[in-house]
2 protein chains.
Amino acid sequence: MENLPAHFDSVFTVDCIIFGFDEGELKILLIERNEEPFKGWFALPGYFVEKTEAIESAAQRILYESTGLRGIYMEQFYTFGALGRHPQGRVITVAYYAMIRLTGQKDLKPVTDFAKQAVWVNVKDIPELAFDHSRIFRKGFEKIRNKISYQPIAFELLPEKFTLTQLQNLYEVILNKKLDKRNFRKKMLSYDILKELDEKQKGVSYRAAKLYKFDKRKFAKNFHKELSFTK
Amino acid sequence: MENLPAHFDSVFTVDCIIFGFDEGELKILLIERNEEPFKGWFALPGYFVEKTEAIESAAQRILYESTGLRGIYMEQFYTFGALGRHPQGRVITVAYYAMIRLTGQKDLKPVTDFAKQAVWVNVKDIPELAFDHSRIFRKGFEKIRNKISYQPIAFELLPEKFTLTQLQNLYEVILNKKLDKRNFRKKMLSYDILKELDEKQKGVSYRAAKLYKFDKRKFAKNFHKELSFTK
DNA sequence: AATATAAGGTGTATTTTTTACACTAAGCAA
DNA sequence: TTGCTTAGTGTAAAAAATACACCTTATATT
């Protein structure tokens, strides 16, 4: 046994939930599958990881191949491996999410055969998905909903310059509840992670709002907070 | 292609971080490996998942086989799949953690060949572990350290009946900082998830403390709290 | 030019939560 | 009985969260 070590190969996939915020709506990327099983169904962008490929790189490659989007940092959130989840055998999948700004990135072109098209779909209108992807989506959505309350991940979804109202709308969509304007602003500004710009919104038919930027420097300095029991 | 669907099998492992609290020390379970690679090294309890086995069940089985502990609920926290992590090929591992009470469970007997012995080791004295298990441990420890601040997971580590001082000690060990006695008690009791018993500590050579129980009923009722932005 | 429309932007008082802090009480042992 | 050790307790101050409404500004319309 010990003189003849076995060699193992894993067969597994990654699936990605890519969140985007567009025209006041929270959306995710879906692909229409062009391959059995579940040919013609909508699914999360995902595919098999190559034998000699890091999982994160695979996630990036697969997202690129199925949607045309490149260089997007994703975060792993759970691995799904229920026995019946793939009709062709035991295939576990490592699930990732990312939140991206849509500015300019709207041209989605799969550069692969396994996806027929990629589309943005409002999280409120997600159809039944292939495999256990509906479940994966629910779990991922829950994850970011939780995370947004204590980590500044919302900024990744907004254009570089944004108004406080846009930021608040985003929070409201993700948390699925109305927030108080004055309290929201007070609190958000108190974190001191935003940089107020000398610029205003353009092209609106009402009073233009100030624009802000997320300030990574300030964030790094000010976000060492701890939860509960600080002493 | 579509007429001859491929059949896939995954080869992957689970690894478990089992936390226990004993004599004021936070410990985890390690096994001494009895099999190449890393024979003789300490490692997290873990092994290959069978083709027709749910991952959670596998985690339970493997924990039982390598330590003799049964029926322990574990929570998945991350999947590790770096390319070089297993010397015999691509093997990803799904990592779980659990927190258990040690009362009575101290007889550890591997019922398998791959583990020579299982031991409790203080988290402050963990040696270098096999594979990437040191990294897995660090990530898992970080996870529970975070989680303990907003979820009542500490109780799982204590005997059914415990004193507030024991509870505080546990928080202090996990958070690695001193807490204020009065504030700790006030806060903990304010959650209203503990049941005060009519019993006192026994066998101590000083004033005996009141015993408490974690009250699941109350917990379910009182722990619907939300973080930040509640309106 | 006047008016309507629509969102931007702002402050304060109240309540709740968090923090800091030190002594007496009880039980056992010598 | 005294000493030792841990249990157990309250209050004031500071900080954070909440509730709440009106004026301002820019544009579009007549």
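This report describes a predicted model, covering its symmetry, chain interface, nonpolar core, DNA-facing surface and local backbone features.

## Symmetry of the two chains

Chain B is superposed on chain A by a rotation of 180°, with 0.0 Å of shift along the rotation axis and an RMSD of 0.0 Å. That is the relation of a two-fold axis. Within chain B, the residue whose C-alpha comes closest to the axis is Ser10(B), at 2.6 Å.

## The interface between chains A and B

Contacts between the chains involve 36 residues of chain B and 36 residues of chain A. On the side of chain B that touches chain A, at least two residues each come from β5 (75–80), β6 (92–100) and α3. The element that gives the most to this side is β5(B), with 3 residues. By class, the side of chain B that touches chain A comprises 19 nonpolar, 10 polar and 7 charged residues.

The interface residues of chain B are, to 100%, also interface residues in chain A, so the copies meet through the same surface.

## The nonpolar core

In soluble globular proteins, nonpolar side chains tend to be buried together. In this model, the largest nonpolar core has 104 residues. Cys16(A) and Cys16(B) are the residues with the most contacts inside that core.

When neighbours within four places in sequence are left aside, Cys16(A) is in contact with Leu44(A), Pro45(A) and Gly46(A), with Ala59(A) and Leu63(A), and with Met74(A), Tyr96(A) and Ala98(A).

## The surface near DNA strand D

There are 22 residues around DNA strand D. Those that come nearest are Arg207(A) from chain A and Thr165(B), Arg182(B), Ala209(B) and Lys210(B) from chain B. Two or more residues of this surface are given by each of α4 (181–190) of chain A, α3 (164–175) of chain B and α4 (181–190) of chain B.

With 5 residues, α4(A) gives the most to the surface near DNA strand D. The classes represented on this surface are 12 charged, 5 polar and 5 nonpolar residues.

## Cis peptide bonds

In chain A, Glu36(A) and Pro37(A) are joined by a cis peptide bond with omega of about -5°. Pro37(A) is placed in the loop between β2 (25–33) and β3 (42–43) of chain A.

In chain B, a cis peptide bond joins Glu36(B) to Pro37(B), with omega of about -10°. The loop between β2 (25–33) and β3 (42–43) of chain B holds Pro37(B).

## Residues with positive phi in chain A

Glu23(A) is not a glycine, yet has a positive phi of about 50°. Glu23(A) is located in the loop between β1 (12–22) and β2 of chain A. The residue Glu23(A) has 7 other C-beta atoms within 10 Å and is exposed, because a residue with 12 or fewer such atoms falls in that class.

Asp192(A), likewise not a glycine, has a positive phi of about 55°. The position of Asp192(A) is in the loop between α4 and β8 (194–200) of chain A. Asp192(A) counts as partly exposed, with 13 C-beta neighbours inside 10 Å.

Conventions: Residues numbered from 1 in each chain as written. Chains lettered and ligands numbered in written order. Predicted model: local features only at pLDDT ≥ 70, side-chain atom pairs only at ≥ 80, totals over all residues. Least-squares fit on C-alpha atoms with pLDDT ≥ 70 in both. Contact = placed C-beta atoms within 7 Å. Core = buried A, V, L, I, M, F, W, Y, C linked by C-beta atoms within 7 Å. Buried ≥ 20, exposed ≤ 12 C-beta atoms within 10 Å, placed from the backbone. Near = placed C-beta within 6 Å. Helix = DSSP H or I, 4+ residues; strand = E, 2+ residues; numbered from the N terminus. Nonpolar A, V, L, I, M, F, W, Y, C, P; charged D, E, K, R; others polar.
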